[in-house]
Amino acid sequence: MGESKMDNRRKRKDEDAAKDKVRQRMRGCLDPDNYQYFPITINRADYYNDEVEQNVGIYVRVSTNDIKQTTSYELQKIYYEDFVRKHPNWRLIDIYADEGISGTSMVHRDAFNRMIADAKAGVISLIICKSVSRFARNITDCIGVIRSLAELRNPVGVFFESECIFSLNEDNQMTLNYLAGIADEESHIRSRGMEASLKMRLDNGIPLTPKLLGYTHDEDGNLIINEEEAPTVRLAFNKFLLGHSTQEIADSFNSQGRQSLLGNVKWTSNGIVDILRNERYCGEVLTRKTFTPNYRTHKSVKNRGERAQSLYLKHHEPIISKDDFIAVQKMLDNAKYRHEHVLPQLRVVTEGFLKGFVSVHTTWSGFTVDDYMNASLSVVSTEEQACPTDYMTDDPEYEEWKDYEVVRSEYITDWGKCNVLISSTEMYFSTQCIRRFPLNEKVELLIHPVRKALAVRTSIESRRSEISWSRMRNGRLTPRSVSSTAFGETLYTLFDWISGSKYQITGSFIRKNGKCVLIFMAKDARIRFTEKDTGNGSDESAPKGKRRQVTIYPDGWESSFGENFYFHEAMRKEIVDGGDILDQDIVYNTGIQLNLTGRQKLEEYINNVENYISKEEGNYGG
Amino acid sequence: MADEYISTDEESMEESVDITEIYPQDDFQVLRAEYLPQIKKYSVSFSKHQMSVNTACLKRFPETELVEILLNRKAKKMIIRPMLEEEKDSLLWCNTNGGKRKPRKVTVKYLFEMLFTMMGWDRNCRYKLLGGVAPFRGEKVLFFDLTSEQQFLIGTKNNGNHPIFPKEWENQFGLPFSEHQRASQIGLFDEYKPVPVKEQEGEE
């Protein structure tokens with residue numbers, strides 16, 4: 001016991017001695033002969049120190065183009081010019097002013113961005129702004145910019161007059177962060193308030209109807225037709241219905257001197273599309289076609305269902321009929337497939353060998369799988385369309401020949417075959433196909449959805465569904481590819497084909513009653529693709545790295561040479577007994593029937609308006 | 001033995017004796033057709049992924065340019081059927097150059113592979129099938145037995161194809177006479193008898 005007390009005492013003594021040593025060392029001792037002091041020579045920006053020379057930039061902003069806000073802007077400029085003059089060591093470099101620009105984003109704040117660039121370049125060392133909310137309403141941008149300026153080699157400070165905060169003052173950091181957050185939240189709250197207000201208005205009978213070409217507002221704010229501008233709108237729709245492209249319409253409007261909503265004559269294809277897509281021209285109003293998801297960026301995006309919408313029918317007097325408007329939308333949807341004509345019609349063959357075949361419009365995506373199926377079934381029942389099952393089993397020689405198979409032509413490489421190569425974007429008929437038909441003949445493509453067959457026949461005059469599948473080159477007819485992008489997906493679905501694969505089919509050429517037709521059966525389709533030959537295949541003589549064509553045959557082909565002889569005979573009998581190749585077909589109506597303005601009427605209107613223009617001198621006002 | 005030879009003058013002919021009384025039948029062998037030129041017999045050949053018929057086939061069907069091929073996997077039989085009109089599975093079996101028809105070599109890559117696999121044939125060899133004309137549902141067709149193939153080793157341009165005969169044919173000209181008689185009664189094509197080219201030309 002006694003010994004531990006002694007130890008503790010000794011320990012405390014040692015600790016005290018050590019502390020004394022440290023105190024002694026910390027007191028320091030300056031030897032004036034061996035010490036030199038260097039004071040600060042470069043003063044950083046300091047709002048509160050008038051002795052420091054500072055290059056000052058003033059930032060002013062008002063967020064709307066309201067005339068009252070312009071007054072505020074001018075007053076700020078005058079005030080700060082006087083303010084700087086009162087500090088003898090300050091030099092006013094520039095007043096950076098953004099008028100009518102929101103503070104929630106730095107995009108489009110040209111003056112602000114120029115100011116920051118000058119600060120980073122060392123042109124200015126001190127920025128003065130009225131308040132944090134003027135500087136930025138986006139907390140990320142605000143704090144980010146202030147910190148980046150503070151971290152410069154020559155730090156640049158920002159003074160917020162209303163809050164009396166200087167950004168380079170260490171005491172103000174927390175307050176600054178807090179105020180920036182408040183400014184950001186104010187913007188957020190305003191945005192939400194606007195959103196709620198819009199919702200109440202748009203979904204409760206008060207849609208927004210700003211001014212648009214062809215309409216003005218009456219004293220109650222309702223849309224009424226502006227008869228000076230309305231002809232421009234009607235012309236655009238009528239011309240498009242007749243098959244003019246949007247670029248052609250824009251060019252004609254420019255040449256006619258037609259004025260747009262903004263009063264200029266600078267029509268573009270996109271401008272025409274905007275008119276054609278605007279449902280207000282058929283008397284309807286659809287709200288929330290776009291919305292702003294982020295209040296900071298102010299960027300509008302298309303509403304694909306993220307916001308509720310309201311459609312007001314018969315809201316105001318239409319310039320264009322509803323049916324014409326619907327037709328134009330369908331045509332616009334298919335314009336990317338280079339569809340150049342008015343709404344196509346689905347036609348189905350009612351008699352003869354091609355009974356049940358439906359015409360295909362390779363540039364139109366508007367017809368669905370069901371449309372084709374129903375069109376075919378409208379003239380022939382499913383049972384009638386099925387392939388024969390009871391084939392000649394009552395033949396007395398059946399037992400003799402029943403095991404014979406007709407070797408399929410796909411196993412024979414013969415130049416004389418009629419092949420077609422189909423992908424989801426194009427079709428390519430072999431030379432033998434096009435040479436089977438008379439020279440320079442346009443052809444028509446048909447499909448049998450139940451039998452899963454394609455047919456090619458001579459096109460009936462003035463048919464819109466005809467395709468150009470060949471061209472003359474060096475005096476010889478050669479194939480050209482047929483675009484099938486619009487129809488490809490439908491075709492693949494009807495034939496149960498794998499998307500992305502290419503299919504090749506060998507067809508049958510049939511000549512009857514002086515007419516020709518090519519038939520391609522989907523069941524005979526084989527997949528074709530190109531792969532790089534690694535030299536590990538069976539052909540050891542093939543150089544490595546060379547591409548080779550690979551063919552994948554349908555399931556079941558590997559165990560047979562071809563179709564059973566009797567089935568083959570039954571199919572042949574169907575061709576013989578199937579009637580003549582006839583052109584009789586009828587229109588199959590799909591979906592809602594549209595009562596379109598007649599072609600003659602469209603042309604008359606265009607001629608009347610454009611002839612009237614040609615009689616006028618100078619620009620046509622609309 | 002010399003005085004036992006049969007004289008050729010008329011008097012001696014009346015007194016001729018049955019040679020089989022002098023020489024036993026089975027000391028004679030019937031020379032195999034495979035050792036003789038067969039240009040006048042109907043044949044189809046398969047070699048290097050190609051198929052072609054001989055001129056005799058073309059002459060038998062002078063109006064035919066298109067044919068269909070039928071195969072029976074179970075019975076190992078093949079039919080070449082003349083076609084009147086172009087159809088999807090028909091093929092051109094001849095070329096016409098200067099008015100003269102010549103057999104055409106048709107590339108039948110996938111058919112070749114399937115057939116050779118089915119029959120166990122050597123892809124480095126050429127196979128020739130001799131056939132005949134037979135009735136087929138009211139038509140006349142060319143009929144071939146896949147099991148009666150003749151095998152040839154594919155030669156070079158200057159050194160033609162060499163027939164490959166079965167090992168048991170070594171040191172013999174053909175079947176003994178009586179055995180040959182028995183074999184010909186069965187017939188090569190079951191109930192169908194091959195019709196020789198010469199007789200048919202006579203009928204026409």
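The model is predicted, so local features need pLDDT of at least 70 and side-chain atom pairs count only at pLDDT 80 or more, while totals for chains, interfaces and linings use all residues. Residues are numbered from 1 along each chain as its sequence is written, chains are lettered from A in the order in which they are written, and side-chain values use heavy atoms, with hydrogens and water left out.

**Stop 1: the sheet in chain A**

Select strands S22, S16, S15, S23, S26 and S27 of chain A. In that order the six strands form an open sheet with antiparallel pairing. Strands here are DSSP E runs of at least two residues and helices are H or I runs of at least four, both numbered from the N terminus; two strands pair if DSSP finds at least two bridges between them. Strand S22 (482-483) and strand S27 (547-552) stand at the edges, and each has a single partner strand, so one side of each lacks a neighbour in the sheet.

Within the sheet, select 502-506 and 526-532 of chain A. These are S23 and S26, which pair in the antiparallel sense over three bridges. A:Gln504 is found opposite A:Arg526 in S26(A).

**Stop 2: the interface of chains A and B**

Show the residues of each chain that touch the other. Contact (heavy atoms within 4.5 Å) involves 36 residues of chain A and 33 residues of chain B. The two chains bury about 3,000 Å² between them, 53% of it on carbon and sulfur atoms. Buried area is the accessible area (1.4 Å probe) that two parts lose on being put together, summed over both.

Which residues of chain A lose the most area to chain B? Select A:Trp401, A:Tyr404 and A:Phe561, which together account for 23% of what the chain A side buries.

Next, colour the contacts by type. Between chain A and chain B there are seven salt bridges, a salt bridge being a side-chain nitrogen of Lys or Arg within 4 Å of a carboxyl oxygen of Asp or Glu. The interface also has 11 residue pairs in polar contact, both residues at pLDDT 80 or more. A polar contact is a pair of N or O atoms within 3.5 Å; within protein, one must be able to donate a hydrogen and the other to accept it, and residues adjacent in sequence count only if both atoms are side-chain atoms.

On the chain A side, helix H13 (398-401), strand S14 (404-407), strand S24 (508-512) and helix H16 (565-577) are the elements giving two or more residues. H16(A) gives the most, with five residues. By class, this side has 14 nonpolar, nine polar and 13 charged residues. Ala, Val, Leu, Ile, Met, Phe, Trp, Tyr, Cys and Pro count as nonpolar, Asp, Glu, Lys and Arg as charged, and the others, Gly among them, as polar.

**Stop 3: strand pairing across the interface**

A:Glu405 stands opposite B:Leu71.

**Stop 4: salt bridges**

Over all chains the count is 34 salt bridges. Begin with A:Asp7 and A:Arg10, whose closest N and O atoms are 3.4 Å apart. Both lie in helix H1 (residues 2-27) of chain A, three residues apart, about one turn of the helix. A:Asp7, at 42% relative accessible area, is partly exposed, as is A:Arg10 at 47%. Buried means under 20% relative accessible area, exposed over 50%, and partly exposed in between (1.4 Å probe, protein chains only).

Move to A:Lys239 and A:Glu610, where the closest N and O atoms are 2.7 Å apart. A:Lys239 is buried at 5% relative accessibility, whereas A:Glu610 is partly exposed at 22%. Elsewhere, salt bridges that share partners join A:Glu410, A:Lys523, A:Asp524, A:Arg526, A:Glu563, B:Lys88 and B:Asp89 into one network. One salt bridge between B:Lys88 and A:Asp524 has its closest N and O atoms 3.7 Å apart.

**Stop 5: chain B**

Finally, select chain B, which has five helices and 13 strands. Of its 204 residues, 36% are buried.
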